[in-house]
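Here are my notes on the model, as numbered points. Please read them with the structure open.

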Amino acid sequence: MQAIPIDKISFKDIDIGYEPFAQALRTLGFDWQMQRTEDIQAYFATPDSSPQRFFTLPASSKNPDGDALSERAVVTALWSGVGESVEVLRRPRPGKLIKARSMQLDGNKLTFDVL
């Protein structure tokens, strides 16, 4: 399983962070269309813990609103989830710089290493 660095991606500003994040996902071979039928799960691992699931992006087939699925919608939802998850990890350690450093893909599971 290949891990790629993402520590330079801004998860605070979508105008700056979206395209580098989308490109990183493409580099891993991520197929956004899997979200039509499969939940996408995001796990976060810190140096002192094994990966823990932080959020799941439900398959669009489970979406009762029937919103149109697009690459931008899927990547934006993942981008937002990563940013929110990093904030949750930061809360117990205020003032400490915490960033998602790398990402790997295994099927429908994205794992982010966080320092």
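1. F44 is buried, at a relative accessible area of 2%. Buried means under 20% relative accessible area, exposed over 50%, partly exposed in between (1.4 Å probe, protein chains only). F55 also counts as buried, at 16% relative accessibility.

2. A word on the basis. This is a predicted model, in which local features need pLDDT of at least 70 and side-chain atom pairs count only at pLDDT 80 or more, while totals for chains, interfaces and linings use all residues. Residues are numbered from 1 along each chain as its sequence is written, and side-chain values use heavy atoms, leaving out hydrogens and water.

3. The sheet is open, with five strands in the order β1-β4-β5-β2-β3 and mixed pairing. Strands (E, at least two residues) and helices (H or I, at least four) are DSSP runs, numbered from the N terminus. Two strands pair if DSSP finds at least two bridges between them. β1 (3-5) and β3 (52-57) each have a single partner strand, so one side of each lacks a neighbour in the sheet. The twist averages 25° from one strand to the next.

4. β2 (residues 40-45) pairs with β3 in the antiparallel sense, over five bridges. I40 has L57 in β3 as its bridge partner.

5. Two helices need a look. α1 (residues 14-28) packs on the sheet and touches β1, β4 (100-106) and β5 (109-114); its direction makes about 40° with that of β4. α2 lies across β2, β3, β4 and β5, running at about 150° to β3. Contact means heavy atoms within 4.5 Å. Axes are lines fitted to C-alpha atoms, for helices over the stretch in contact, and angles run from 0 to 180 degrees between N-to-C directions.

6. S85 lies in α2 (residues 71-90). S85 is buried, at 5% relative accessibility. Its side chain reaches the backbone oxygen of G81 at 2.7 Å. Leaving out residues up to four places away in sequence, S85 touches F44, F54 and F55.

7. There are five aromatic pairs (ring centres within 6.5 Å; planes under 30 degrees apart are stacked, over 60 edge-to-face, the rest tilted). F11 and F21 have ring centres 5.4 Å apart and planes at 75°, so this pair is edge-to-face. F11 is in the loop between β1 and α1 and F21 in α1, so the pair ties together parts 10 residues apart in sequence. F21 is buried, at 0% relative accessibility.

8. F44, F54, F55 and F112 form one aromatic cluster.

Key:
A polar contact is a pair of N or O atoms within 3.5 Å; within protein, one must be able to donate a hydrogen and the other to accept it, and residues adjacent in sequence count only if both atoms are side-chain atoms. Rings of Phe, Tyr and Trp (its six-membered ring) pair if their centres lie within 6.5 Å; planes under 30 degrees apart count as stacked, over 60 as edge-to-face and the rest as tilted.
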